[in-house]
Amino acid sequence: MRKEYGLAARDLVDTLRYSSIKRRDFLRFCGVTAGLLGLSEAYIPKIAHAIEKGTKRPPVVWLNFASDTGCTESLIKATYPNAADLVLDILSVDYNETIMAAAGQQVEEILQKSLKDGNYILVIEGGIPTKHGYGMIAGKDMMDIAKEFAPKAIAILAVGSCATHGGVPAANPNPSAIKGVSAVLGDAYKGKIVNLDLCPVNVEVLVAVIVNYLLFKKLPELDVYGRPKTFYGQLIHDNCERRAHFDAGRFVERFGTEEEALGYCLYKMGCKGPMTYAPCPKILYNDRISWCIKAGAPCIGCGEQGWTDKFAGFYERLPDVSIPGFKGVEFTADKIGLAAGVATAVGIAAHAIASSKRIKKGGEE
Amino acid sequence: MPKKVQLKYEWNWAYRIEHWVHVASMIILVFTGFYIHWPFCLAKCPYCDFNRFLHFVSMYTLIIGLAIRVYMAFFSRFYADWKDFSIIQNIKGAPEMVAYYTFLKGEHKEYRKYNPLQAFTYLSWAGLIIIQALTGLALYTGDVFGLFSSQSAFGWINRLLGGEGFTRILHFLIMWYFIITAVVHVYMSLLQTLVKRDRTFQSMFTGYKLSSATGKKR
């Protein structure tokens with residue numbers, strides 16, 4: 001490998017040797033990434049080369065805001081060759097509060113140096129409280145930190161649904177007024193922010209977007225929510241491994257039944273797969289071991305913005321409808337329809353009885 | 001008092017076919033729609049994919065049917081009825097019809113084809129078929145008429161309503177409006193037939209209605 005790409009690759013090759021990643025594994029990773037990005041085999045060496053440009057490793061600054069750190073957790077559980085190594089050593093993560101070894105003064109210096117040098121990839125995990133004093137790091141508001149680091153970044157990746165739209169911390173009633181990165185930074189950064197929805201983020205998607213950037217020096221094509229179309233372009237329902245059960249009308253009606261054991265469709269258990277655009281059924285989680293539906297849980301739609309509120313009632317197929325003017329009064333759509341139908345039937349019956357005189361008169365004429 | 005009664009050709013073949021195509025597609029849409037909403041009678045009915053297929057085909061039929069119906073309203077050589085749907089005219093006439101149907105008044109003005117309440121209902125059907133088509137397409141993931149991606153063209157509706165779940169709820173509640181008004185529609189035509197003995201109900205099959213010469217025409 002060193003021969004092929006020259007001395008520039010020394011850092012990487014040493015890193016790989018140090019963390020006992022085999023060349024085969026590394027190339028396998030490159031192949032997987034090429035597959036994820038929809039590139040041909042011919043790109044595999046190019047991907048390897050892009051990652052291997054040893055001396056010019058793009059610095060990554062990973063900021064943690066209001067979240068449960070699930071995305072970092074997802075990152076360190078990731079695929080081969082151990083994405084923690086990949087992202088930490090190959091991509092040079094200068095700062096990540098959760099997994100960095102350094103602390104205090106030392107790490108603040110690194111962070112400030114990155115900020116001064118600029119041209120880093122800014123990864124933001126977690127929502128941003130927009131009220132003063134509701135979320136602070138080292139005496140600074142999270143919102144101010146985000147605004148401080150955003151201008152010098154070459155790309156901003158909002159990972160996980162907390163960072164993209166607020167996620168769980170921003171769920172109703174949201175006392176700290178948490179917002180997503182795009183909402184906080186505003187339109188000026190449109191096109192520069194990539195929203196990687198899902199809770200937690202799928203690390204293969206994250207790595208693929210970074211590799212895509214290294215390879216082509218641009219961000220992938222984004223949809224209206226700022227998500228890469230490549231990954232968030234298709235409905236979970238359309239790629240679901242249980243779709244055949246849906247099409248054939250085989251449903252789980254209740255948990256703990258034979259149907260559930262047989263792995264039938266979870267549509268009636270409130271699965272939000274038919275409303276969610278995400279790559280879960282294709283890429284899966286935890287080294288491609290499993291994902292929610294494979295594990296037997298209905299999808300809660302965490303790939304869609306505002307899922308915590310709009311999909312609430314995670315085991316209900318549709319949310320309840322609140323009647324305007326009556327706060328707190330909620331009905332299911334079924335009940336509303338049925339009530340209106342019954343009222344109509346009663347009304348018609350009453351009207352028919354009342355009309356009997358007219359009908360009689362009509363008969364006499 | 002014997003009135004002079006004559007047969008009147010009320011609906012030509014085009015109107016009748018259009019009507020029954022709408023009826024058929026509506027019935028299929030409601031049935032399959034309920035199935036998609038909550039799959040039932042699992043072992044005996046056609047399965048989900050077939051129900052969805054029928055649902056989509058019927059909706060396409062309905063959309064095309066509406067387009068033809070609007071064309072007929074303006075250019076039918078038999079009877080172009082677009083003037084009968086004049087909102088201003090019908091607002092003026094509506095109170096009398098409401099009074100008639102609530103037994104406050106014994107008689108009402110005769111209309112050429114549709115009384116004001118009818119005209120409003122049919123106009124609302126036309127509007128709501130369009131809304132059903134739009135909300136349906138916002139939920140659909142295929143290509144509209146096989147031409148362009150439904151999601152990229154109509155995804156904004158989901159964003160407007162706050163998510164697919166709410167689009168579904170709207171789609172579902174409008175279906176109930178169709179069910180209710182359709183039942184009322186059948187009831188009213190039966191009632192008219194019984195009260196006036198003018199074969200209104202049969203006219204949608206045969207095309208002919210009995211017309212009393214005394215009725216005021218407009």
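Predicted model: local features only at pLDDT ≥ 70, side-chain atom pairs only at ≥ 80, totals over all residues.

**Notes on confidence and the A–B contact**

1. Confidence in chain B is lowest in strand 4 (residues 208-212), with a mean of 79, and highest in helix 4 (residues 116-139), at 93.

2. For chain B overall, the mean pLDDT is 86, and 92% of its residues reach 70 or more. Please treat residues 214-218 of chain B with care: pLDDT stays under 50 there, and the model has seven contacts beyond four places in sequence for this stretch.

3. Now to where the chains meet. About 3600 Å² is buried between chain A and chain B, and carbon and sulfur atoms give 65% of that area. On the chain A side, A:Lys268, A:His351 and A:Arg358 lose the most area to chain B, together 18% of what that side buries.

4. The contact draws on 39 residues from chain A and 37 residues from chain B. How many salt bridges are there between chain A and chain B? The count is zero, whereas 13 residue pairs are in polar contact between the two chains, both residues being at pLDDT 80 or more.

5. Which elements of chain A give two or more residues to the side that touches chain B? They are helix 14 (243-247), helix 18 (333-354) and helix 19 (356-364) of chain A. Helix 18 of chain A gives the most, with 12 residues.

6. Lastly, the composition: the side of chain A that touches chain B divides into 21 nonpolar, eight polar and 10 charged residues.

How values were computed:
Residues numbered from 1 in each chain as written. Chains lettered and ligands numbered in written order. Heavy atoms only, no water. Contact = heavy atoms within 4.5 Å. Buried area = accessible area lost by both parts, 1.4 Å probe. Salt bridge = Lys/Arg side-chain N within 4 Å of Asp/Glu carboxyl O. Polar contact = N/O pair within 3.5 Å; in protein donor to acceptor, adjacent residues only side chain to side chain. Helix = DSSP H or I, 4+ residues; strand = E, 2+ residues; numbered from the N terminus. Nonpolar A, V, L, I, M, F, W, Y, C, P; charged D, E, K, R; others polar. pLDDT = per-residue confidence, 0-100.
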